Structure formats: C-alpha cells, structure tokens
Amino acid sequence: MSANQNALGQTEFDAMLKELYPAGVPENVASKAHPFMSMVKKVDDFEGDQLVVPVYYGNPAGRSATFATAQANARNSSSVKWNITQAADYAVILVEAITLRSSRSNRGAFVNARKTEIDMMLSQLGDSAAHALYRGGYGALGQISSSTDPGTGTTITLEDADDSRNFSVGQYIVFADGADGTTPRTNQAELRVTAVDEAAGTLTVHTGCHSDLAVSDYIFTSGDQTAAASLGVTKMMGLAGWLPLTTPSSAAFFGVDRTAHPTRLAGHRLNATGNSIEENILTLSESIVRSGGRPDKCFISHGNFNNLIKGLGTKVEYQGGGGQADVGFGGVQIHTSAGPVMVHPDPDCPSNRGYVLQMNTWQLHHLDAFPHIDTLDGNSALRQSAADGIEVRARYWGNLACIAPGWNGVFAI
C-alpha cells in the first residue's frame with residue numbers, strides 16, 4: 001500500500017480550492033495607451049449650444065513707408081471664430097442582479113462585476129474618443145480591402161491591417177461606399193463581429209455578407225456613420241479635419257470658410273511620401289517655425305515609429321547636446337531650429353499620416369467629466385424594467401479645438 005494512498009489529494013479537495021489568477025486580478029488586454037488624447041489639454045467648459053473660439057490670422061493691412069498711402073490703405077486685422085459644436089458618445093452595460101450579488105465580495109469573486117464592467121465601458125469610450133481625435137469627423141473605422149471582395153462570406157479583409165485595432169468582438173458594424181456615410185449599404189443589415197485577427201487584418205462576422213458590399217466600402221460602428229451636414233456633431237472633429245492633407249474647400253468648417261488663408265486656418269501640409277519620416281518632420285517643422293509656430297510634438301503610428309528608429313540608425317545613440325536625435329521616454333527627439341520635437345508612437349494615428357503639433361494650441365473642450373457615468377437622477381444605475389438586473393450608462397460631450405492651426409501641420413506617409 002502506498003504511503004500516500006489515503007492522503008487528501010488535490011483532486012479530492014477540488015471543491016474547496018479557489019481558482020487563482022497568476023497575478024490576482026486579470027489584466028484587461030483590451031485597454032490601450034492613447035498618447036495624444038492623454039497629452040492634449042482638457043477643459044470642462046462646454047456649456048451652451050456652441051463654444052466660440054476666435055482666431056486672428058492677419059494683422060492690420062494699413063502700413064506703408066508713405067503716411068498717406070498707409071492711411072488710404074488702412075484695413076482691419078483679419079479674424080474668424082470657430083463655432084464649435086458638441087459631439088456625443090454613449091456606452092451602455094447590462095448586468096444581471098444575481099451576478100452583482102454573487103460578486104459582491106472577495107469571497108465570491110476575484111473582481112467586482114459592476115466595477116469591472118463600468119471600468120471597461122469607460123475604457124471603450126476612451127478608445128472611441130482617441131480614434132475620433134485623429135479623424136475628420138466621419139466616424140469610419142476602416143475600409144474593405146481594395147483587392148479582396150467579401151462576396152457573401154463571413155470574412156472581411158481590411159485595406160489597412162492596422163485598422164483591425166479599431167474593432168472588437170461583439171461590435172455591430174454597418175457599411176457605406178463613402179467615408180461620409182451618406183450612401184449606406186441599406187441591403188446589408190448590421191453585422192456582429194465574432195473574431196478579429198490583427199495580424200491578418202481581417203474581421204469575422206456572425207453571418208454571411210450581402211452581395212451589395214464591395215471593395216473599398218467604409219466600415220462604421222452602427223450609429224456612428226456621419227453625413228457631411230453633421231460633421232463635428234455626431235463624432236468629434238479630429239486632427240484630419242483641422243489639418244487636412246489637401247487644401248480645404250470653401251465648405252464651412254465650424255462656420256468658417258478657410259480658403260481666405262488655407263495655411264493659417266487649416267495648417268501646413270506636406271505630401272512627399274518619397275521622403276523619409278525624419279525628413280518630413282524636419283521640413284514640416286521648419287515651415288511651421290517660419291509661420292511663427294513652435295512645434296514640440298509629433299505623432300505617428302507604431303509601425304512608422306519603428307521605421308523612423310531604423311532610419312535614424314546609430315544617431316539615436318547620441319544623448320543630449322551634440323546629437324541629432326536622442327531617445328526619450330516613450331519617444332524620440334528630432335532637433336529642429338525651433339528646438340526639440342518629441343516624436344511619439346500612437347496606436348490611434350493612421351499609418352498614412354504624421355502630425356507635427358504645437359500642443360498649447362489644442363484643447364479638448366467637454367461638459368462634465370470626460371467620460372462620465374450618467375447620474376442625472378442621483379443614481380449611478382437604473383433598474384431594468386423587464387429583467388432582473390441593472391443598466392449603467394456612460395457618455396461624453398465634447399470636441400477638439402485649435403486656436404492656431406497655422407502653427408501645426410500634417411504630412412503624408
């Protein structure tokens with residue numbers, strides 16, 4: 001007889017053993033870092049219907065070496081005012097009552113169900129806001145690949161594999177053949193994402209696609225598709241809207257025709273994809289400096305940041321004075337005539353754009369906390385009327401504003 005034959009083993013004691021996570025509370029691997037959204041100044045001042053942000057873009061024109069000429073040509077300074085509108089974003093969770101009560105203490109669960117779901121809901125809103133802060137107000141999360149027709153299958157290949165980070169399992173998506181969402185694929189019902197492959201840049205959906213879907217169609221979270229007339233209202237207006245890569249048209253942008261001075265009202269733009277990323281940063285920074293700006297930050301995607309590091313080569317080994325580039329926390333410094341510009345990798349930045357910014361010209365205006373739980377009736381949750389559980393709502397109201405677009409710029413990659 002074995003000496004341990006009658007010993008209490010793990011199998012026999014299984015009902016009494018607590019299942020432990022290796023590090024205690026599980027990590028939320030869906031959480032992301034959002035450098036630009038974290039660094040931009042946030043101001044809780046968005047009361048009223050609109051927020052007026054004035055901008056001077058031209059000094060008085062009455063100047064001449066001859067007094068009579070200066071007097072005859074006297075003109076006022078040039079200014080405009082952005083009429084910034086509030087954009088809203090909402091998230092809702094439902095939790096069954098028995099789940100709430102069963103997870104009320106460490107004795108019954110490793111995490112509190114209510115707190116965990118709320119934290120993750122707020123994280124989801126943060127992801128949505130961070131994505132919007134780089135886009136042009138239309139809400140598109142990606143495009144169907146221009147070389148892969150989805151047909152009637154359940155797999156959708158994205159034009160840019162990096163865009164797969166904008167999607168999550170359980171998300172409902174809709175489609176349109178334009179980024180502005182004004183021509184939706186009405187024959188295609190909402191599709192639910194069941195799997196995301198970031199390496200392959202593909203989405204799997206719960207049922208077969210409709211044959212109406214076509215290559216290059218744009219993909220939106222259901223409810224986010226935005227018509228041109230609602231720009232800056234449905235979704236926040238991001239850097240792509242404030243600093244377009246192409247010269248802006250006369251279409252009103254927060255009430256302003258920017259063609260009067262496209263650079264000072266819509267920033268600098270550099271479309272030189274044959275140049276290195278470092279060269280584009282330097283060229284764009286110099287253009288901004290000549291206009292009076294002092295750029296201090298640049299944001300690019302992680303893939304482009306990796307290419308920048310490779311391109312800099314041994315130059316990144318220099319620290320402090322004398323070097324052309326030095327590594328800093330979370331970024332790399334590129335030295336320009338205006339001083340160092342810190343380049344940060346940001347997962348929300350599109351892979352075909354880079355932004356050189358003077359950060360003190362940007363503010364994210366919002367109303368109440370950004371984001372916050374709905375407690376207008378004094379309660380942080382609602383009892384469900386037709387189920388034994390609660391509903392918790394979160395939201396934010398806000399928009400991005402720039403007091404000096406001409407001290408910022410965008411370059412193509």
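**View 1. His131 in helix H4.** His131 is found in helix H4; helices (H or I, at least four residues) and strands (E, at least two) are DSSP runs, numbered from the N terminus. The model is predicted: local features need pLDDT of at least 70, side-chain atom pairs count only at pLDDT 80 or more, and totals for chains, interfaces and linings use all residues. Residues are numbered from 1 along each chain as its sequence is written, and side-chain values use heavy atoms, with hydrogens and water left out. His131 has a relative accessible area of 6%, so it is buried (under 20% relative accessible area; exposed is over 50%, partly exposed in between; 1.4 Å probe, protein chains only). Its contacts (heavy atoms within 4.5 Å) are Ala140, Leu141, Asn166 and Asp348, not counting residues up to four places away in sequence.

**View 2. The aromatic pair Trp82 and Trp242.** Rings of Phe, Tyr and Trp (its six-membered ring) pair if their centres lie within 6.5 Å; planes under 30 degrees apart count as stacked, over 60 as edge-to-face and the rest as tilted. The count comes to 10 aromatic pairs. Trp82 and Trp242 are edge-to-face, 5.0 Å centre to centre with 85° between the planes. The pair links distant parts of the chain: Trp82 is in strand E3 (residues 78–85) and Trp242 in helix H5 (residues 239–242), 160 residues apart. Trp82 is buried at 0% relative accessibility. Trp242 is also buried, at 0%.

**View 3. The tilted pair Tyr134 and Tyr355.** The ring centres of Tyr134 and Tyr355 are 6.0 Å apart and the planes are at 50°, so the pair is tilted. Tyr134 is in the loop between helix H4 (113–132) and strand E5 (140–143), while Tyr355 is in strand E16 (residues 353–357), 221 residues away. Tyr134 is buried, at 2%. Tyr355 is buried, at 1%.

**View 4. A ring cluster with an arginine.** Ring pairs join Trp82, Trp242, Phe253, Phe254 and Trp362 into a cluster. Arg258 lies over the face of Phe253, 3.8 Å from the ring centre (a charge sits over a ring if NZ of Lys or CZ of Arg is within 6 Å of the ring centre and within 35 degrees of the ring normal).

**View 5. The largest nonpolar core.** A nonpolar core is a set of buried Ala, Val, Leu, Ile, Met, Phe, Trp, Tyr and Cys residues joined through side-chain atoms within 4.5 Å. The largest has 52 residues; Phe36, Trp82, Ile84, Met236, Trp242, Leu357 and Trp362 touch the most other members. Strand E20 (residues 389–402) gives the most, with 7 residues.
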